[in-house]
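Okay, thanks for making time, everyone.

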Amino acid sequence: MFCPDCGTWNRSAVRACGQCNSVLPELPSAVEAPDHLVTSLRQATGFRYRIVRRVGSGGMADVYEARHHALNRPLAVKVLHSHLARDAEMRVRFRREAEAASRLLHPFICAPLDYGETDDAVYLVLPFIGGGCLADDL
């Protein structure tokens with residue numbers, strides 16, 4: 001299970017995180033295996049965001065619910081599919097879409113808060129609004 005404080009993967013049998021010694025929450029009956037992409041996202045963002053769960057998936061990207069560590073603000077992290085992230089043209093297109101959306105000001109358009117790239121992932125951070133995510137609108 002991932003530690004909710006530092007994002008480190010721990011075995012399900014342990015009671016405290018091996019990295020930060022935080023007490024781990026009780027496990028639900030079905031536990032997902034660690035996701036390489038989620039782990040690389042945590043590292044790429046300097047652990048600024050705690051990835052909570054995957055909200056959905058589209059033709060171009062997966063969307064994850066996240067929380068800002070310092071501000072405890074709900075966020076959505078939109079991550080370009082890995083097969084598309086390997087294509088330089090798709091990386092440029094994703095970045096240009098983020099730049100264009102960041103210039104728009106409208107109550108029904110989510111303005112990106114952060115953008116980043118690593119070898120494994122290209123991601124965009126957006127507001128997570130009212131239990132629903134507008135990240136798919138981008």
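This is a predicted model: local features need pLDDT of at least 70, side-chain atom pairs count only at pLDDT 80 or more; totals for chains, interfaces and linings use all residues.

**Strand β4 and its partner**

So, let's start with strand β4, residues 114-117: Asp114 and Gly116 make up the covered face, while Tyr115 and Glu117 sit on the uncovered one. β4 runs antiparallel to β5, with four bridges joining them; two strands pair if DSSP finds at least two bridges between them. One of the partners is Tyr123 in β5, which bridges to Gly116.

Residues are numbered from 1 along each chain as its sequence is written, and side-chain values use heavy atoms, with hydrogens and water left out.

Zooming out, we've got three helices and six strands, in the order α-β-β-β-α-α-β-β-β along the sequence. Of the 138 residues, 38% are buried, where buried means under 20% relative accessible area, exposed means over 50%, and partly exposed is in between, with a 1.4 Å probe and protein chains only.

Now, the inside. Which residues touch the most other members of the largest nonpolar core? They're Leu41, Tyr64, Val77 and Val79, in a core of 13 residues. The elements giving two or more residues to this core are α1 (36-44), β1 (49-57), β2 (61-68), β3 (74-80) and β5 (122-129). By nonpolar core I mean a set of buried Ala, Val, Leu, Ile, Met, Phe, Trp, Tyr and Cys residues joined through side-chain atoms within 4.5 Å. There's another core apart from it, with 11 residues, including Leu80, Leu84 and Phe94.

Look at Val77: leaving aside neighbours within four places in sequence, its contacts include Leu41, Ile51, Tyr64 and Leu124. Contact means heavy atoms within 4.5 Å. On the helix side, Leu37, Val38, Ser40, Leu41 and Arg42 of α1 are buried, and the buried residues of α1 pack against β1, β2, β3 and β5.

Asp62 is buried yet has no salt bridge, and the nearest side chain of opposite charge, Arg54, is 4.2 Å away. The cut-off for a salt bridge is a side-chain nitrogen of Lys or Arg within 4 Å of a carboxyl oxygen of Asp or Glu. For charge, Lys and Arg count as positive and Asp and Glu as negative, with His and the chain ends not counted. What does the side chain of Asp62 make a polar contact with? The side chain of Ser57, at 2.6 Å. A polar contact is a pair of N or O atoms within 3.5 Å; within protein, one must be able to donate a hydrogen and the other to accept it, and residues adjacent in sequence count only if both atoms are side-chain atoms.

Asn21, in the segment before α1, has a positive phi near 65° without being a glycine. Asn72, in the loop between β2 and β3, is not a glycine either, and its phi is positive at about 55°.
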